[in-house]
Each structure stands twice: as structure tokens, then as C-alpha cells.
Amino acid sequence: MKAARPRTALREQAREIQKEERQLLLSPDLAAAELSRRRLSFFVKEMWSIIVEDELVWNWHLDVLCDEIQQAYERVIGIMVPDPNNPKRKIRKRLPKDKDVIINIPPGTSKSTIATIMAPAWSWTRDPSLRHITASYSMSLSTEHAMASRNIIRSDKYRTYFPEVEIRSDQDNKTNYRTTKNGQRYVTSIGGTVTGVHAHIITIDDPLNPKQAASIDQVNNANAWFDSTIPMRKVDKAVTVTILIMQRLATNDPTGHLLEKKKNSIHHVRLPATDSINVSPLQYRQYYTKGYLDLVRLGPKAVSEARLDLGSAGFAGQMDQMPAPAGGLIWKKWFKEIPDHLFPAKHLMSKYGKDWDLAYTDKDENAASAFIAAGKIGHNIYIDDVQWEWYEFPKLIGWMKKIGGPHYIEAKASGKSAKQSLTKMGIVAIEVEVAGGDKVARANMATPPAEAGMVFIRKSIADKLYNDSKQGILLFPKSPWKDVADVLAQAIQRLHGNGKIVVSNDDTSTLDNEDLEWIESDL
């Protein structure tokens, strides 16, 4: 008899499941409601037309946004377990969060629609007692998002699908509304007060706009709000998850600030407009199509227009999610720009040549082969050109031959084969020993002449050198690509007198720059 009870209970459970399945098959609304509960992405597709007039064009990144947000929500929603005080009753057990979440993605990708409008409304289909705090850079935008969520909840479709979710009539305003199950949506803005309110889920959507990000005070105020206000607004610090979704605007914006402060406790998702090593987690790179995040919203034409509209620095942050600091990190905007028509000709310079950092690969996630063409007049250095490419060895040598020498190549293993190949073709290639140790140390040794105003640059290449989204020197050393910054340090060291020239036709002797004048007079 005792053994029969579990079997009886299982049979009853199976009958209930079969009954639910029959109901789902007989009612399309019930089926759609159940699928919407299970997947945020399905919910978004079902509810899209309620708040957005334009037709929904689904792209893979929308699945990523939905799945990343749902994964964070699921632990807060938790599981139903027997009440220890009443075994016949079940209670909700919320689970400790894994990590807080930061999502960096360009504007115009429906991030706010999913993260700040759809997701909170979806969460109540699973747990109407959840409490939310949502915020953005302005109160009006935060309110607009909350009202759009409320419009979904009030819609005929939502009420048909989820009749158990109701907003209390006595707690229903634009910036603070509650469900009959004590769920809450409270709206504020960065720097705003959140007195007496605590949340299970805190969502911050664009804490700064581009204009605010240009103000050091406003950036610092936003970061201080994250540090002092957000931690105090959690129902349970072990459970409450904070989701920050934004475009990058500065190296010290809230994303940069939080990653610097507590990187190990943050799950960081980064989806730049164009495919690069910046994609994180890296497995999302496989979904980029022809090198673009979204060919419809951010295809080649839209990306090209964004480059023109935003400029290199703005594009690096807002579109490629790798912002350059306004003043630079190690390298700053020290170079004096000369209009191209006034830039001195090569024959007026001494020690003119191309300094190289070589890499033998055609994969742009790896290091590039880069050169700086520069020379010297008096004590001043003049940067004439900067270029980089991802080439395998034979194509690289062909490129070096085409653009002509003399070529100054760092005296290391990767440079010796290039020097030997060029020398055999009668092209001047000279090895250079660069002082300073690692790339950062080399840069620090090379900056004094630039800071002293002794380095000039052709105006048409200045923006590229400073702000390119991959190789811009203002990003150094935080950018994965350090090739141009490294070769710039080499060029300045060579021309300023710190670099040593190596004559390496199996001769290991070194010569100072001044001793090399007889070589350069023949070039």
C-alpha cells in the first residue's frame, strides 16, 4: 500500500500534464501564452506590434539580448519549493545571482525595447511579485519606457494571455505602479532619488547621452550614483541583479568604471557594429554577417554614414564599443598639425624612412604590420604617413617593395627574414634596436619629444592616427591592437636619438643615429 501512493501521485501528475497539453492544442491563445512565458524572445515577437508601428525584422542579436536578460532574470524568479511550515503550500525561493550584467551595443538595435520595456512586462508573466527599478539619463526617457511597458500590460492581448497579472488601481501612475501581487515598477533617472524603494531587478538603460559624456562632472556623477545609490536599493544583495545596457561613450563611463572596479563579478556582453576581436563573449562572432552585426539596421551604408557623422572617436565608442579617452591614455593629442600643402617635402628631411612593426598574418583579429613614415628637420620630427595591413609574408614583402624604403625594422626574429628578403632585392632595410622593454615602457620613453611640441604631423592623417577604432593611439594600451602605437614609439626613438641602428649582415655591431649619416646619404 505504501508503495502504491507514489505511483498514484505520478499517474495524477501525468493526467494533469496531458490535460494541460490538450488545452494548449485546443487554444492558440493558451499555447502562445505558454510559449511567451517560457521565452522572452517569443514574448517580444508576440507583443512587438502593441508598441512599435514598424514591422519587426528579427536578427540574431535580438535573440542574444533576450537570452542574456532572461538568464539573469531566471535566478531572481527562482523556483517553487514546499513551504516548510505548510507542506501543502508552495513558496518561491529566489536563487543567488551569478553576476551582474553589462551589455554594450550600438544605438538603433532595439536594446531599450527589449531590456527596459519588454523584459519587465515579461517578468510578471512568470512572477507578478517581482519589483523593478529602471533608470536612464533623463527622467522623461525613463518614464517613456515605463509607460510603454504599462501599455503592453494593459493591452487586450496581454490581458488575454496573462489574466493573473493586474495593475492595482490605487497604485497606477507613470513612474510608479504595482501589481496586485505586490510587484512594482519604479522609475528614476541617474542622480535621482530612490528613497524607500528596493528591487529584485535593477535595469539601467543608457545612463549617459553623448553630450553628458563629454562632461567630466556628469560622468563622475553617474559613476558616483552607481557606487552609492544602487547598492542600497536591493531587496537582497545576494539575489538582486543589476543590468546595465548602453553604448560606450568614454573610457571612464559607467561601463568602464564598473569593469575597472569589479570586473570579476560582471558578465560583460559586447556587440560592436562591425566584426572584430572586441566581440564578447567571443562565440558571438560567428553570427556576424559579412562583418556586420545587423545588415538591416546597421549595414554597410548605415555604418559608413555613422563614421562620417560621429567621427573616428565617436564611432569607436558608440558603434564599435571601444571608446578612446578624450585626452588619451599614454599618447595624447600633442602632435602639431600641418596642412598637407604646407607639409615639408621628403628631400628637406634627414633620416627620412619608414619604421615598421611586422606581423605575418592576414587575420585582422591578430597583430597588423604597420609603418610610420617620418623624418627630421633640425630637432623636430615630421610624421608623413601611417598605414597598416594584415598580410601574409610574401604579400607583405611585396607591399614593402612597392612603397619603397628605406625600411627600419625592429631587430627581432620576426624582422630578420623581412630584412634579408628586402636586402636581396636591393631595397634598403635596416634593423633598429628599440629601448624600453615592453610596449608601454617604450611609449613612455617616446612621449617626451611629442609632449614638448617637437613632433609635427600631416593634417590629413592626424585623425586616423589618433582615433582609428582599432589602431588609434589614444586607445593605447587598452585596445587589443597596439601595432601603430608601438611603431610610433620606435620612429620617435630613432629620430630623437634613442634608437640604435643594427648593421646585421652577420655583423652584430651597433651604430648611433649620428654615425649612420653616411648610409642615409646614399639612400
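Select His 200 to begin: its relative accessibility is 6%, so the residue counts as buried (buried means under 20% relative accessible area, exposed over 50%, partly exposed in between, with a 1.4 Å probe and protein chains only). This is a predicted model, in which local features need pLDDT of at least 70, side-chain atom pairs count only at pLDDT 80 or more, and totals for chains, interfaces and linings use all residues. Residues are numbered from 1 along each chain as its sequence is written, and side-chain values use heavy atoms, with hydrogens and water left out.

Next, display the loop between strand S7 (184-189) and strand S8 (201-205), where His 200 is placed. Strands (E, at least two residues) and helices (H or I, at least four) are DSSP runs, numbered from the N terminus.

Now show the surroundings of His 200. Residues up to four places away in sequence aside, His 200 touches Val 76, Arg 94, Ser 129, Leu 130, Arg 131, Val 235, Thr 240 and Val 241; contact means heavy atoms within 4.5 Å. With Arg 94, the side chain of His 200 also makes a side-chain polar contact at 3.5 Å (a pair of N or O atoms within 3.5 Å; within protein, one must be able to donate a hydrogen and the other to accept it, and residues adjacent in sequence count only if both atoms are side-chain atoms).

Finally, zoom out to the whole chain. The chain contains 17 helices and 19 strands, and buried residues account for 52% of its 523 residues. Of the contacts between residues at least 6 apart in sequence, 69% join residues at least 24 apart.
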